[in-house]
Amino acid sequence: MFSFKRFSEQFKIIWMQNAQKQAIILIIISLLYVFFHFKMFNEGRVELYPTFSFWMGFLTVMLIMNSLSVFSVLLHQNSSIHYYMTPASIGEKYAAAWLYSTIFTFVLYVTVISFVHWVSMYLGNTITGRSLPMGFPKLAIIREAFYNIMYVQSLFLLGAVAFRKNPFWKTVLTLILLGIIIGLISAALIRWYILGSDAFNTSDITSYTWNLNVQSMDDLSLPRALGNFKTLITIVVTSIPFICWIAAYFRLKTREV
Amino acid sequence: MIELKNLNFAYSKRKTIFENLSLTIEGGHIYGLLGKNGAGKTTLLKLMTGMRFPQSGTSTVFDIDTKKRSVKMLEEVYFLQEEIWLPDVRVDVYLKMYANSYPRFDHELFKRCLKEFEINPLDKMKSMSFGQRKKVAISFALATQCKILIMDEPTNGLDIPSKGQFRKLAAEVIGDDRCIILSTHQVRDLESLIDTVIVLEESRILMNNTIDEICKRLVFKTLPSLENQTDVIYSEFTPRGYLAVTPNMNEIDSKIDLEILFNMTIQNPNLIKQLFNH
């Protein structure tokens, strides 16, 4: 039976272990932020201000780091035993780790960065007499960025639980290998459905594309069978974060120390 | 309390650790788990706590399959490892982090243990020596009030006075509804604490008897020489004379020597089998 009391105790443990580190990172990033603002107001050039993509990239890195850090106890036998022997179910432990490394980290960083941005802009505009726009991104953009970040986070969270040593590099390597395999399968499928010629004959692909004046994949009128396949791929791709999170839970549950 | 039934475990096809092993651990005892290096003591402790899963057979704690790692089981079992792990926080912060997970955690006992071991609760784990961190871990383990305390080499890293303090504190917490399992090579450190001896060797349990049972059947004595000593079944030469073991035919009281008992058990498993009807 899932206990919210034990879940909150687990969350507290994770937070108390990481609070100092998070505070240092947030202070550094806030100071950097203030520096960017100072430079921007000083030189009056809005383009000096770091882009939304830059901050999303930073957030992605932070979420990957926290996903790896939250399960870093599993890297060593002694800390693993300590972790597993703490009275809470795997569901409660995992839920706390998941919440911390996904929504909590995202909301914490977005809130702090937004607050520092707001204060810096307000002070900058007031002191310099300029009226530079606040430039907060739309909620829809943040939501999309959140989905994208969760995508990457889920892969690294699974890696953190699945691999006993060097989870970061092993996850990266696995993703590269998977990318190559998916690429090869895709190439074979393209040959099968569209070209009907020798496999991996890139010159065929080039001439096909050239002759039809295709600018993007959306311009291709796919055969019905491939259209169905695309739907299936979309479903699979969309569900990857959920698959990774569920797989990570079962890996944690069945892992021996 | 703990029951292992027909347990089989191997790390690989070539390396079998336990074959058809059965063992029952009961309340009110302090068990001494003895065995040579690589005999499987730590593996046995891991199987008892659900850290490892048997290939076949069962391992249960209060009739709960340890493989499930259920909260009910984890609230009653504390596993103190030889190489302890503690997060890099202050002792009082560690207490805030983990004490609430144990429903019967005794804060007063924890404070008292720290005081006995001369540990400042405001000290950071990072700045402590291995022995000091072990003292924190022992204090915490005792204060959890878990019914089963499993300790792997608890006296490793402790200074001489602390070993005595550990024995005193461990003896205090034991009751009929609780048991302590001490896996150790340092038998001299824990000789006065242990009341039941389990000897593990080559995938088998060679001995699982209380000190009373052992002393009823065996006499431990020091002899100047072995001449005309026909009843000696095991002896070891020391500068003080021969440490010898003889059958206890006349109900003589003697003080057990765990080191001698262990060596005798390892070297003469069949004799032990005969003597204790295993």
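In chain B, four strands form an open sheet whose order is β2-β1-β4-β5, with antiparallel pairing. The edges of this sheet are β2 (16–25) and β5 (64–65) of chain B, each of which pairs on one side only. The model described here is predicted. In general, the strands of a sheet pair through backbone hydrogen bonds, either parallel or antiparallel.

**The sheet of chain B**

Strand β4 (residues 56–61) of chain B is joined to β5(B) by two bridges, and these strands run antiparallel. Within this part of the sheet, B:Thr60 stands opposite B:Asp65 in β5(B). A helix also accompanies the sheet: α1 (residues 41–49) of chain B lies across β1 (2–10), β2 and β4 of chain B, and runs at about 120° to β1(B).

One residue of the sheet may be followed in detail. B:Asn6 is found in strand β1 of chain B. Leaving aside residues up to four places away in sequence, B:Asn6 touches B:Asn20, B:Ser22 and B:Gly57. Of these, B:Ser22 is 16 residues from B:Asn6 in sequence, yet the two are 5.2 Å apart in space, C-alpha to C-alpha.

**The helices of chain A**

Chain A has eight helices and zero strands. Buried residues account for 24% of its 257 residues. Among contacts in chain A between residues at least 6 apart in sequence, 74% join residues at least 24 apart.

Two packed helices are described by the angle between their axes and the distance between the axes. In chain A, helix α2 (residues 52–70) and helix α5 (residues 139–162) pack at an angle of about 25°, and their axes are 9 Å apart. The angle is under 35 degrees, so α2(A) is roughly parallel to α5(A). Their crossing is right-handed.

The residues that meet at this contact include A:Met56, A:Leu59 and A:Leu63 in α2(A), and A:Ile149, A:Val152 and A:Phe156 in α5(A). The table sorts the residues of the contact by class.

| Class | Residues in the contact of α2(A) with α5(A) |
|---|---|
| Nonpolar | eleven residues |
| Polar | three residues |
| Charged | no residues |

Among the residues in this contact are also A:Thr60 and A:Ser67 of α2(A) and A:Gln153 of α5(A), which count as polar.

Methods:
Residues numbered from 1 in each chain as written. Chains lettered and ligands numbered in written order. Predicted model: local features only at pLDDT ≥ 70, side-chain atom pairs only at ≥ 80, totals over all residues. Pairing = 2+ DSSP bridges. Contact = placed C-beta atoms within 7 Å. Axes fitted to C-alpha atoms, helices over the stretch in contact; angles between N-to-C directions. Parallel < 35°, antiparallel > 145°, perpendicular 65-115°, else oblique. Left-handed = near helix turned anticlockwise from the far one by under 90°. Buried ≥ 20, exposed ≤ 12 C-beta atoms within 10 Å, placed from the backbone.
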